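I opened my notebook to look up a few things in a structure.

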Amino acid sequence: MSTTHVSWPSIELFHNVVRTLAHLHELGRPFPSVEYRAKVKLHGSNCAVQITERGVFAQSRTSLLAPGADYKGFAAWVQAHEAYFSGLRPGAILFGEWCGPGVEKGMAISQAPTKIFAIFAALIAGRVIYEPAELRVLVPEAGAP
């Protein structure tokens with residue numbers, strides 16, 4: 001492999017945002033206007049697909065993957081869908097939840113009929129894209145294999 005792992009940063013929990021705003025208010029600062037858009041947590045595993053000029057690469061939260069060094073079947077799945085990902089914008093890193101049967105035990109999403117890669121954000125040239133409409137343009141529906 002000739003690329004480097006790019007980590008998805010931790011997302012601050014909403015209660016921490018509320019606590020910070022309350023602290024600022026106690027210090028005499030007025031409450032700012034805060035826009036919050038909730039997203040559903042699927043309780044899978046954080047994974048990503050890097051699309052580069054050198055190819056398509058799978059990664060877990062902590063490392064690059066390959067079919068011989070896989071993580072719960074994600075690298076094999078990315079390799080099986082490489083033609084689709086190769087047609088997307090080079091330089092994009094697609095972050096999502098890898099979930100479904102055999103990924104995380106005891107979660108409702110594990111009852112899905114197949115494994116799913118649910119993209120929640122993309123990183124392109126240092127810009128994080130998380131709005132669903134923008135993600136749909138960047139990553140159009142693949143359809144059935």
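I began with what makes a patch: its residues have over 30% relative accessible area and no salt bridge, with like charges joined within 9 Å and nonpolar side chains (Val, Leu, Ile, Met, Phe, Trp, Tyr) within 5 Å. A salt bridge is a side-chain nitrogen of Lys or Arg within 4 Å of a carboxyl oxygen of Asp or Glu. Accessible areas come from the Shrake-Rupley method with a 1.4 Å probe, and for residues only the protein chains shown count as cover.

I noted that this is a predicted model, where local features need pLDDT of at least 70, side-chain atom pairs count only at pLDDT 80 or more, and totals for chains, interfaces and linings use all residues. Residues are numbered from 1 along each chain as its sequence is written, and side-chain values use heavy atoms, leaving out hydrogens and water.

**The patch.** I found F14, V18 and Y36 forming a nonpolar surface patch, with about 300 Å² of accessible area together.

**The helix.** I placed V18 in helix α1 (residues 14–26); helices are DSSP runs (H or I, at least four residues), strands are runs of E (at least two), and both are numbered from the N terminus. V18 counts as partly exposed because its relative accessibility is 42%, between buried (under 20%) and exposed (over 50%). N16 is also found in helix α1, but N16 is buried, at 13%. I saw a polar contact of 2.7 Å between the side chains of N16 and R19. Such a contact is a pair of N or O atoms within 3.5 Å; within protein, one must be able to donate a hydrogen and the other to accept it, and residues adjacent in sequence count only if both atoms are side-chain atoms.

**The sheet.** I traced 6 strands in an open antiparallel sheet, ordered β3-β2-β1-β4-β5-β6. The edge strands, β3 (64–65) and β6 (127–129), each pair on one side only; pairing takes at least two DSSP bridges.

Conventions:
Buried means under 20% relative accessible area, exposed over 50%, partly exposed in between (1.4 Å probe, protein chains only).
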